[in-house]
Amino acid sequence: MVTGYGAVTPLGHSVDETWTAMLAGRSGIDTVDAIDVTDLGVRIGGQVRGFTPSRYMPPMVSRRADPYAQYALAAALEACEHAGLVVDDRLAPRVAVIIGSGYGPVGSIYRAANTLRDKGPRAISPFTQVTTAMDSAAGEISMRLGTQGPSRAQSTACASGADAVGAGMRMISNGEADIVLAGGADACVTAVDLAGSGNARALSKRNDDPTAACRPFDVHRDGFVMSEGAAVMVLEAAEVADRRGATALAELTGYGASSDAHHWTAPHPEGRGACLAVEAALRDAGITGADVDYINAHGTGTLLNDAIETAVLHKVLGDRVTRIPVSSTKSMTGHMIGAAGAVELVASIQVLRTGDVPPTINCDEPIDPDINFVPHRTQHHERIRIALSNSFGFGGHNAALVVRAV
Amino acid sequence: MASNTDILNALAKIVEEVTGVDSAEVTTEKSFTDDLDIDSLSMVEITVAVEDRFEAKIPDDRVAELTTVGDIVSYIANHR
């Protein structure tokens with residue numbers, strides 16, 4: 001069961017703010033101003049703006065924690081409040097934390113390297129080993145909340161958030177934990193990442209029109225938009241949620257993961273791995289493609305992803321894909337890399353709870369006229385019971401999650 | 001030549017910057033670990049910042065002896 005969630009995104013510092021912006025079709029993408037982008041080919045991104053660490057953590061923590069870990073901690077605190085979860089001495093040993101991240105504390109790693117070069121080894125803080133570690137988000141959350149079950153990172157590029165939730169679901173089903181705080185976080189709107197992904201020709205170069213840059217499933221798309229954020233959710237066994245008197249928001253019923261075994265940045269041309277992951281998730285949920293009512297697509301806005309994902313959906317869901325809404329909230333958030341899968345699962349659950357389907361903005365000329373990509377404006381649909389959320393990453397990592405209304 | 005008060009004020013500012021402890025709390029009789037609740041990793045950062053600020057070197061084997069705010073102030077006053 002999912003009993004609570006929290007999010008920090010370019011659209012807002014909570015699930016409510018993010019969801020409201022999604023339903024309004026508002027873009028969180030803008031010209032990057034937190035770093036010097038003068039020399040970069042790509043100068044747009046989805047930044048978390050106006051984030052005030054002191055609202056969530058003491059200065060000791062904000063000083064040592066990379067923004068990716070700060071976002072994750074803020075999202076985890078919101079999720080616990082939402083779920084009414086207080087980790088007391090009795091619960092603590094049975095509560096785990098799994099935070100996915102594609103790139104982790106990259107900004108801090110670059111800064112440490114520059115400090116070493118400019119000021120020498122004496123100037124390297126003893127916290128550097130903590131700050132620049134991939135597990136620092138999970139560690140900060142565990143220390144803050146006092147959770148004593150396993151806490152760890154999960155890194156599978158853009159699938160990290162979905163894989164972390166899937167791993168958390170498995171920890172509960174195999175009895176390793178009763179409650180798992182699972183999600184994803186990334187803060188990779190950095191010059192190195194914009195240059196690297198830009199040089200890989202994966203990013204949109206629509207620098208002059210940032211809000212129109214991310215156009216999933218549109219004929220004129222030209223790449224994804226680098227973005228940052230976090231989402232964390234509280235997963236718990238149904239009987240544990242019952243005992244606590246917690247309200248279930250949705251049931252997490254299926255998880256599937258796979259690898260393309262093909263190329264570092266390009267998806268397999270037939271979507272081999274993506275098919276495997278979606279099929280595995282449906283099988284795990286005990287359903288077929290014909291049971292799916294809504295798809296929150298990976299939908300990055302790259303030429304290859306959107307074409308191949310569309311083909312995969314036709315193949316796995318058959319006719320069904322032409323009768324249900326399929327949207328990409330990345331059109332508004334940009335691609336939050338390791339956070340994407342977690343934020344998008346939160347959006348999928350919000351769809352189950354409200355029947356409101358957030359749009360794919362900028363989808364002016366859909367690449368597949370048979371599919372309802374929910375262009376431009378939110379649609380309300382009755383009887384959405386089951387949602388599928390896809391996440392496909394660099395390195396050929398694929399993950400899919402299925403959630404069911406309660 | 002900086003007076004002990006100047007050294008104390010600068011040290012208090014560094015402690016606040018590194019740990020978030022209010023600089024007004026940083027008074028000579030306070031122990032870093034027992035009174036100000038500052039951990040060993042933060043102490044390393046504070047020591048390095050103090051050394052840079054006063055262009056002094058506190059040898060590693062002396063650091064452990066300097067347990068109070070006043071200890072560091074006197075060390076700096078006597079060794080720069």
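**View 1. Strand E6(A), covered on both faces.** On one side sit Ile179(A), Leu181(A), Gly183(A), Ala185(A) and Ala187(A), on the other Val180(A), Ala182(A), Gly184(A) and Asp186(A), and all of them are buried (20 or more other C-beta atoms within 10 Å of a residue's own, with C-beta atoms placed from the backbone; 12 or fewer is exposed, in between is partly exposed). In a regular strand, side chains alternate between the two faces of the sheet. E6 covers residues 179-187 of chain A, and nine of its nine residues are buried. This is a predicted model, where local features need pLDDT of at least 70 and side-chain atom pairs pLDDT 80 or more, while totals for chains, interfaces and linings use all residues. Residues count from 1 along each chain as its sequence is written, and chains are lettered from A and ligands numbered from 1 in the order written.

**View 2. The neighbours of E6(A).** Strands here are DSSP runs of E, at least two residues long, and helices are runs of H or I, at least four, numbered from the N terminus. Strand E4 (residues 95-100) of chain A runs parallel to E6(A), joined by six bridges. E7 (residues 228-236) of chain A runs antiparallel to E6(A), with nine bridges. Look for Gly184(A): it stands opposite Gly100(A) and also opposite Ala231(A) in E7(A).

**View 3. Chain B, four helices and zero strands.** Along the sequence, the pattern reads α-α-α-α. The C-alpha trace spans about 30 × 25 × 20 Å along its principal axes. Of the 80 residues of chain B, 26% count as buried.

Terms used: Pairing = 2+ DSSP bridges.
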